[in-house]
Amino acid sequence: MTKTYSEINEKIKRGKAAVITADEMTSIVKEKGATVAAEEVDVVTTGTFGCMCSSGVFINLGHTDPPIKIRRAWLNDVEVSNPGAAVDLYIGAPQVSASKGIEYGGGHLIEDLVSNKPIKLRAEGSGTDCYPRESIETTLTLKDLNQAIMVNPRNGYQRYHAATNSSDLLLYTYMGMLLPQFGNVTYAGAGGLNPLSNDPFYQTIGIGTRIFLGGGPGYIIGEGTQHDPANGMGTLMVRGDLKKMSPKYLRGATFPRYGSTLYIGVGIPIPILNAGIARSTGVSDAEIPIDVLDYGVKRRDRPIVKSTNYEELREGTIGIQGKEVKTGCLSSLKIAREIAQELKRWIEEEGLLLTEPVEPLPKKGNFEPMRMGGTDEKI
Amino acid sequence: MKKYKLAYSKGIATEPVISKVSIETKALINILSGSITERGGELIVSIEGDDQQIRSAISSIRGERVEVQPIKKTLELDQNRCVDCGYCGTVCPTSAIIVHADGSIEILDEGCVGCGLCVTACPRRALSIKEA
């Protein structure tokens, strides 16, 4: 049995669509099989809530009189980049405060913006005949901005490896603090709830797919940077209107001695068009393999110390070289579940319709090391 | 169970103070964390027993020229900042942070030695040590 997008959308409009979360779908596929599941279920909602450094917001400030062509700018002392015309700026989540360092970064700034807190702007201009103003200082809120468009180059990793540390030193990494001599294991992602893990062949997720982004509606605009489907590590580039988002799903974060970043909530609805897609959305934590890498080896290609999966990692401890090691997730499963529930509510109560992608995500990616030349090649 | 910080000066660090006091007073002294070299150092311990045993254990430890200070620090969680990831549980040396299946945490006051590792580790700055 197969269904089309328009058949599912008609059901949603009539309030008759069967919408369930990816957690629930895992049990249904296990109990009844993919064929029955495809008949009974129309949409599966997914969710993930984790730190996604490759994120940021384009803002347009509006023009002053006399106008300014911004050369450098700071918002709450966090330097933002000037990627285009006079008063367009981009807030990168990992940017850090000139005065507070990594304790306040672009991620915290985005959280404060979406919370409607006043933000201090300081900018320097080039001073041209058409843009004579050379500096400005003022206070703005999200409402004062013409646009605040979140565009994230790399979000929603399909899965991510886990980290541990064989060395004798405490390491401070983007995977958190790694205690010496295999003192802990950290991992990230939502496992069986993760959007791309529920559609690993990209049969429904593609350019134009309408999604949940930071608590508001957003869209997939393509594959993300470092998209690597061959290794089960696909990524997404997404876009959404910050003015429609919520601080509940956008939270600034600081990883000690590493940097600032942003926790982002992403959820994707998956239409169950056929039994194959039903089978994919039946994926469980146990079916998503994860390698535990040794960050004690300070190289690009870190050795694998153990191959495991989300189910084992969620047990709380894991055996490594004869030692019981505590495991801890850097992402929030609780909020990921809330996102899948919220997306289900959008469809059931607010009539959110599903979109057929304009183009599927590429099944081939490109994630090669940087080409190095001459004497620089040696580290 | 009460927790104490024991400060060892140079000279006393090589003496079996804890064993001596434990045998003498029958109080159970559990070393929770610490670092001592021949130059001295400190231990965080919990002392179990009735009030009389605890009092005499403390006075015996002091009699061995080791300073004893009760620990009154408590770990506090700001629920508004916490995102329920549960990562703090992996860095806690005394397993005083219980992580539930959904990532939400529970702090066991009696187990916490106030080392502050979780405070540093928390990406959301949701944990803090308060002096009681």
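This is a predicted model: local features need pLDDT of at least 70, side-chain atom pairs count only at pLDDT 80 or more; totals for chains, interfaces and linings use all residues.

1. Of the 379 residues in chain A, 52% count as buried.

2. The overall dimensions of chain A may be taken next. Its C-alpha atoms fill a box of roughly 70 × 60 × 40 Å along the principal axes. A compact globule of 379 residues would have a radius of gyration near 21 Å; the 22 Å found for chain A agrees with this.

3. Chain A contains 7 helices and 28 strands. Its contacts between residues at least 6 apart in sequence include 70% that join residues at least 24 apart.

4. Three strands, in the order S1-S2-S23, form an open sheet in chain A with mixed pairing. S2(A) and S23(A) run antiparallel and are joined by 3 bridges. Within S23(A), A:Ile270 is the residue opposite A:Val44.

5. Two helices of chain A should be read together with that sheet. H2(A) packs on the sheet, where it touches S1 and S2 of chain A, and its direction makes about 95° with that of S1(A). Helix H7 (residues 333-350) of chain A lies across S1, S2 and S23 of chain A and runs at about 175° to S1(A).

6. Which residues of helix H2 (residues 22-32) of chain A are buried? They are A:Ala22, A:Met25, A:Thr26, A:Ile28 and A:Val29. An α-helix has 3.6 residues a turn, so residues three or four places apart point the same way. The buried residues of H2(A) pack against strand S1 (19-21), helix H3 (34-40), strand S2 (43-45) and helix H5 (275-281) of chain A. After H2(A) comes A:Gly33, with a positive phi near 90°.

7. The accessible surface of chain B is about 6,900 Å², with 49% belonging to carbon and sulfur atoms. Of its 132 residues, 44% are buried. Along the principal axes, the C-alpha trace of chain B spans about 45 × 35 × 25 Å.

8. The secondary structure of chain B consists of 4 helices and 8 strands. Read from the N terminus, the order of its elements is β-α-β-β-α-β-β-α-β-β-α-β. For contacts in chain B between residues at least 6 apart in sequence, 62% join residues at least 24 apart.

9. In chain B, 4 strands form an open sheet in the order S2-S3-S1-S4, with antiparallel pairing. Strand S2 (28-37) and strand S4 (67-70) of chain B stand at the edges; each has a single partner strand, so one side of each is left without a neighbour in the sheet. Neighbouring strands of this sheet are turned by 20° against each other on average, direction ignored. Strand S1 (residues 2-8) of chain B runs antiparallel to strand S3 (residues 40-48) of chain B, and 7 bridges join the two. Among the residues concerned is B:Tyr4, whose bridge partner in S3(B) is B:Val45.

10. Helix H1 (residues 17-25) of chain B packs on this sheet and touches S1, S2 and S3 of chain B, its direction making about 165° with that of S2(B). Helix H2 (residues 51-63) of chain B lies across S1, S2, S3 and S4 of chain B, at about 165° to S3(B).

11. Why can the buried residues of H1(B) be said to line one face of the helix? The residues in question are B:Val17, B:Ile18, B:Val21 and B:Thr25, which are buried in H1(B). Viewed down the axis of H1(B), its buried residues fall within an arc of 95°, so they line one face of the helix. Their packing partners are S1, S2, S3 and H2 of chain B. Just after H1(B), B:Lys26 has a positive phi of about 65°.

Definitions and conventions. Residues are numbered from 1 along each chain as its sequence is written. Chains are lettered from A and ligands numbered from 1 in the order in which they are written. Side-chain values use heavy atoms; hydrogens and water are left out. Two strands pair if DSSP finds at least two bridges between them. Axes are lines fitted to C-alpha atoms, for helices over the stretch in contact, and angles run from 0 to 180 degrees between N-to-C directions. Contact means heavy atoms within 4.5 Å. Buried means under 20% relative accessible area, exposed over 50%, partly exposed in between (1.4 Å probe, protein chains only). The arc is that of the directions from the helix axis to the C-beta atoms. The radius of gyration is taken over C-alpha atoms; the globule rule is 2.2 Å times the number of residues to the power 0.38. Accessible areas come from the Shrake-Rupley method with a 1.4 Å probe; for residues, only the protein chains shown count as cover.
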